[in-house]
Amino acid sequence: METDEELVKRTLGGETDCYGVLVQRHADYLFGLGMRFTAGNREFAEDISQQSFLRAYKYLKSFNTKKKFKQWLTGIAVNCYKDLSNKENQYLSLEVIDEPSYTPDLGGNTGFFELIKPLAEDERAIFTLRYVYEYRIDEIAEVVDLKSGTVKSKISRALEKLR
Amino acid sequence: MNRLEAVIEKEKEIFYSQRDKDLFSSHILILIHQERESKKYKRKLCLALFLGIGTLSLLFSRISEIANDFTVGLSDAITGDILTTVVFSYGLLFALLALLKKPDFIFN
């Protein structure tokens, strides 16, 4: 089986179908990430997954094949989550309050979804990567493009909120 | 803290699956293809606009010269060849019409 990095090289060489293999390989991972970030909103999670794959293809040339594709994709997913959340918040602020509110499709561990609800977007992402996916602090720092110290302080702030 | 750990441990065991993975993958590839075609189209449109504007600006810069050539050419034609041809052809036409109206003059 070809590695992700080999598939990226072939995609960049003009074999677009190879990107389809990458999409299939990481679709569940990105969807799961989206579900956890959005506290179980399936549609939102699918949007994040789709946007992440499209953005990853757009910036595929900038991917360093010496690094892990999955980790690079995670960084893109975090950015997509933040961008889409901002857009959604703008949209929600324009909505009429009397209209029925949207109820997300909670499929999964509702206990976890309830747990992370008080957290801000970046705290949710960092907390999920640290405790559910067991990323190291330096890996998270690389993924979210922050200093390790900042990541640590965000994690401790998140833990304080959850206690 | 134990409750927090328990919730996280439970969450780790859950596997989320993207529905219709084949369809999702095809959809992504179609969107990528569309985006690429749209970029190509925009590039072609920009090139066509650039060439169109270039040609028009070239044409407008020489418009007075072309108009001048046309006016001079037309005045030469009126004073010269065209005027003679017109007088000759209309004269011939009237002569033939006159002859057609009085055929006896020719045949008798």
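This is a predicted model: local features need pLDDT of at least 70, side-chain atom pairs count only at pLDDT 80 or more; totals for chains, interfaces and linings use all residues.
Asp145(A) is exposed, since 9 other C-beta atoms lie within 10 Å of its own. Asp145(A) sits in the loop between H7 and H8 of chain A. Its phi is near 60 degrees, a positive value in a residue other than glycine. Glu134(A) has a positive phi of about 55 degrees, although it is not a glycine. Glu134(A) is exposed, because 9 other C-beta atoms are found within 10 Å, where 12 or fewer is the limit for an exposed residue.

The overall make-up of the chain comes next. The secondary structure of chain A consists of eight helices and zero strands, so the pattern read along the sequence is α-α-α-α-α-α-α-α. Chain A has 163 residues, of which 37% count as buried. Among contacts in chain A between residues at least 6 apart in sequence, 64% join residues at least 24 apart.

What does the domain assignment of chain A give? The answer is domain 1 (4-108) and domain 2 (118-163). The contact between them takes nine residues from domain 1 of chain A and ten residues from domain 2 of chain A. On the domain 1 side, H2 and helix H4 (69-94) of chain A each supply at least two of the residues that touch domain 2. H4(A) provides the largest share of this side, with seven residues. By type, the domain 1 side of the contact divides into three nonpolar, four polar and two charged residues.

In soluble globular proteins, nonpolar side chains tend to be buried together. Here the largest nonpolar core has 44 residues, and those that touch the most other members are Ile48(A), Leu73(A), Ala77(A), Tyr81(A), Ala125(A), Ile126(A) and Ile140(A). H2(A) contributes nine residues, the largest share of this core. Both domain 1 (4-108) and domain 2 (118-163) of chain A give residues to the core, so it lies between them. The surroundings of Ala77(A) give a local view: leaving aside its neighbours within four places in sequence, this residue is in contact with Leu30(A), Leu33(A), Ile48(A) and Ser52(A).

The buried residues of H6(A) are Arg124(A), Ala125(A), Ile126(A), Phe127(A), Thr128(A), Leu129(A), Arg130(A) and Tyr131(A). Two packed helices are described by the angle between their axes and the distance between the axes. H6(A) packs with helix H8 (residues 148-162) of chain A at an angle of about 95 degrees, and their axes are 9 Å apart. This makes H6(A) roughly perpendicular to H8(A), because angles of 65 to 115 degrees are counted that way. From H6(A), the residues Asp122(A), Glu123(A), Ile126(A), Phe127(A) and Arg130(A) meet Val151(A), Lys154(A), Ile155(A), Arg157(A) and Ala158(A) in H8(A). The residues of this contact divide into five nonpolar, no polar and five charged.

Chain A also touches a partner chain. In this interface, 23 residues of chain A are in contact with 17 residues of chain B. Helix H2 (17-37), helix H3 (42-58) and helix H5 (110-116) of chain A each supply at least two residues of the side that touches chain B. Which helix gives the most to this side? It is H2(A), with nine residues. Across the side of chain A that touches chain B, the residues divide into 13 nonpolar, nine polar and one charged.

Asp17(A) counts as exposed because it has 11 C-beta neighbours inside 10 Å. The C-alpha atoms of Asp17(A) and Val144(A) are separated by 29 Å, and the two residues are 127 residues apart along the chain.

Technical notes: Residues are numbered from 1 along each chain as its sequence is written. Chains are lettered from A and ligands numbered from 1 in the order in which they are written. A residue is buried if 20 or more other C-beta atoms lie within 10 Å of its own, exposed if 12 or fewer, and partly exposed in between; C-beta atoms are placed from the backbone. Helices (H or I, at least four residues) and strands (E, at least two) are DSSP runs, numbered from the N terminus. Two residues are in contact if their C-beta atoms, placed from the backbone, lie within 7 Å. Ala, Val, Leu, Ile, Met, Phe, Trp, Tyr, Cys and Pro count as nonpolar, Asp, Glu, Lys and Arg as charged, and the others, Gly among them, as polar. A nonpolar core is a set of buried Ala, Val, Leu, Ile, Met, Phe, Trp, Tyr and Cys residues joined through C-beta atoms within 7 Å. Domain bounds come from an automatic or database domain assignment. Axes are lines fitted to C-alpha atoms, for helices over the stretch in contact, and angles run from 0 to 180 degrees between N-to-C directions. Angles under 35 degrees count as roughly parallel, over 145 as roughly antiparallel, 65 to 115 as roughly perpendicular and the rest as oblique.
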